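Try each task yourself before reading the solution.

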Amino acid sequence: MPGSKRWWLPGRDERRPREARRWTRIAVAVQGPPTVFLILRRMRAPLIVLITIFAVSVLGLTLIPGQDDAGQPERMGFFDAFYFMSYTATTIGYGEIPHAFTGAQRLWVTATIYLTVIGWAYAIGSLLTLLQDRAFRQALALQRFTRTVARLREPFLLIAGYGQTGRLLGRELDALGRRLVVIDTDAERVDALDIDAYRSDVPGLAGDARNPQTMEHAGLGHPYCEGVLALTDDDEVNLAVTMTAALVRPELPVIARTVSPAVEHRMAAFGSPTVVNPFDRYGDHLRLALRAPASYQLMAWLESGPGAELPERAQPPRAGRWVLCGYGRFGRELAEDLHAEGLTVTAIDIRAEAGSDPWVVVGDGSEPHVMATADLAHAVGFVAGTDNDTTNLSLVAAARHINPGLFVATRQNRPETAPLFAAMQVDSLLVPAEVVAHEIYAQLSTPLLWRFLREMPALGDEWARTMVERLQQHCGRRLPGLWRTTLDASETPALSRWLRDGRATLGGLLRHPDDREQRLDIVALLILRDGQATLGPDDDYVLRAGDQLLLAGQPWEQRALLDTVTIDSVSRYVLYGHRVPASWIWRRLTRSDG
């Protein structure tokens with residue numbers, strides 16, 4: 001029961017977009033055969049020298065007189081001379097033809113042998129130099145990459161940027177069986193694709209995603225490209241990728257990362273891309289944690305993907321004053337969110353302008369007198385949010401020394417410092433790459449999960465607390481697999497008659513195939529019917545044909561449910577309690593078909 005959504009499957013719908021066809025034609029015209037041209041250009045001089053030596057040698061043999069077997073003068077023809085030079089210069093050496101050579105001919109042949117050796121040495125040396133040439137190797141890699149992408153015959157996602165976010169998201173999407181194509185400016189990151197543990201080959205290209213031709217080589221015009229993810233650390237590059245995709249393939253979904261509200265606004269001018277701002281999302285998550293800790297706990301758990309351990313329920317203080325160190329983009333976003341929750345804020349930043357905001361203290365947060373000015377001793381929360389990990393770690397240590405009871409949040413910028421932040425054991429940690437990866441995963445893994453996450457906070461914290469307990473009771477503290485199924489003839493053929501009687505309940509479906517008195521450890525997170533979503537339905541919920549279910553459970557529970565919905569004999573036992581043979585012939589013989 002695959003739960004992944006395909007935005008556009010050309011294999012099922014041959015109405016290929018006109019823009020894709022046009023872009024593919026442009027791509028073919030622009031690409032051409034650059035490797036062949038590069039070889040001809042670099043080997044031009046050696047080949048001219050070699051051909052000249054052969055021509056002079058052949059001409060000399062035709063001009064120098066020889067003798068036939070009767071001792072009469074005879075000149076060698078051009079064909080015989082070329083044939084002789086061909087096997088002599090290539091060191092094959094059949095002998096002197098058509099007659100034994102005269103002294104003058106042997107003298108000329110001796111000279112030409114040394115000349116051809118020089119010519120071959122020059123040509124071979126040039127060829128070896130060409131093989132070591134960086135431009136030639138890049139041309140070969142580009143040609144190999146382009147051929148690999150062109151041969152893809154299943155939907156794939158184009159990822160621009162294979163940094164921390166790209167790697168995290170790539171592994172999660174690969175685990176769902178999604179195919180990927182990667183672009184990154186760092187050749188070492190692209191080379192790492194060969195040793196990363198992916199289920200399928202991931203073609204990678206070292207190039208600038210701002211260049212439309214690079215996007216073209218990566219398959220933007222490919223009919224099986226189903227979406228573009230702009231995940232680089234540079235907002236301008238992500239904007240260029242969004243712009244290129246919107247202009248060339250406006251029907252493709254685009255998800256872009258940015259930390260700048262201005263760039264987010266510029267991206268919105270190109271169609272309707274999904275923009276993920278990790279600073280903005282962290283502020284939203286913190287506000288949710290302030291109002292509804294259980295809702296935030298459930299959201300963080302589900303966004304982390306299968307295998308993630310249930311996070312601790314954060315309890316940030318709902319009243320009092322917070323101190324923020326770092327008042328850049330992140331600090332300003334967070335200050336607005338805290339103000340919106342009715343909290344007071346004191347910000348510290350050495351680059352802030354004096355008098356810009358009354359709550360801003362200009363200075364270095366690591367200096368004791370600056371901390372004293374911010375009155376950290378009487379604050380309830382502290383955020384170290386600069387773009388320097390060493391500074392953030394030292395700020396956290398200093399803040400805890402001044403006020404051990406603080407709720408401490410900080411920002412981790414580089415993956416290498418993760419062990420240090422883990423050892424620091426802060427109350428809340430912002431890792432921008434993980435925030436972006438988790439949100440995009442929630443959107444791409446299945447649209448039902450994204451719908452659940454968006455509507456779940458409105459149901460209240462108590463509802464979320466109950467849902468966490470249900471998941472923990474049936475599935476344990478590690479998030480099991482999530483999958484989607486639709487109650488129709490293609491995915492659940494064994495349920496057609498049961499769904500028509502109008503008494504089909506969710507609890508009736510989730511019985512064990514071996515013992516229907518036992519219930520499968522599967523939790524229904526959401527049921528979508530006619531566009532209306534029901535979150536956390538109980539076992540009395542009456543199912544109907546066409547319902548879409550988002551379920552959570554262990555793989556063996558998923559296989560048991562798959563038997564129920566696809567095998568008629570299993571479904572009859574689970575739904576009606578009738579034990580019937582599995583084969584049609586045996587059912588006829590035992591008259592148990594009714």
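Predicted model: local features only at pLDDT ≥ 70, side-chain atom pairs only at ≥ 80, totals over all residues.

**Exercise 1. Work out how helix 4 and helix 5 are arranged, and which residues meet.**

Solution. 
- Start with the axes: those of helix 4 (residues 78–89) and helix 5 (residues 103–131) come within 10 Å and cross at roughly 55°.
- Next, classify the angle. Angles of 65 to 115 degrees count as roughly perpendicular and those under 35 as roughly parallel, so helix 4 and helix 5 are oblique to each other.
- For handedness, the crossing of helix 4 and helix 5 is right-handed.
- Now the residues: helix 4 brings Phe84, Met85, Thr88 and Ala89, which meet Val109, Thr112, Ile113, Thr116 and Trp120 of helix 5.
- Sorted by class, the residues of this contact are 6 nonpolar and 3 polar, with no charged ones.

**Exercise 2. Describe the largest pocket: what is its volume, and what lines it?**

Solution. 
- The volume of the largest pocket comes out at about 990 Å³.
- Its lining has 32 residues, and the closest to the pocket centre are Tyr296, Ala300, Pro311, Ser428 and Leu429.
- Elements giving two or more residues to the lining are helix 12 (278–291), helix 13 (293–303), helix 17 (418–424), strand 14 (428–430) and helix 18 (432–445).
- Helix 13 gives the most, with 5 residues.
- By class, the lining holds 19 nonpolar, 7 polar and 6 charged residues.

**Exercise 3. Two of the pocket-lining elements are helix 12 and helix 18. Find the angle between them and the residues in contact.**

Solution. 
- The axes of helix 12 and helix 18 come within 9 Å, crossing at roughly 80°.
- That angle falls in the 65 to 115 degree range, so helix 12 and helix 18 are roughly perpendicular to each other.
- Helix 12 makes the contact through Pro278, Phe279 and Arg281, and helix 18 through Pro432, Val435, Val436 and Glu439.
- The tally for this contact is 5 nonpolar, no polar and 2 charged residues.

Notes
Residues numbered from 1 in each chain as written. Heavy atoms only, no water. Axes fitted to C-alpha atoms, helices over the stretch in contact; angles between N-to-C directions. Helix = DSSP H or I, 4+ residues; strand = E, 2+ residues; numbered from the N terminus. Parallel < 35°, antiparallel > 145°, perpendicular 65-115°, else oblique. Left-handed = near helix turned anticlockwise from the far one by under 90°. Contact = heavy atoms within 4.5 Å. Nonpolar A, V, L, I, M, F, W, Y, C, P; charged D, E, K, R; others polar. 1 Å grid on protein atoms, 1.4 Å probe; cavity = no way out; pocket = protein on both sides within 12 Å on 5 of 7 lines; lining within 4 Å. Points joined across faces, edges and corners; volume = space filled by probe spheres on them.
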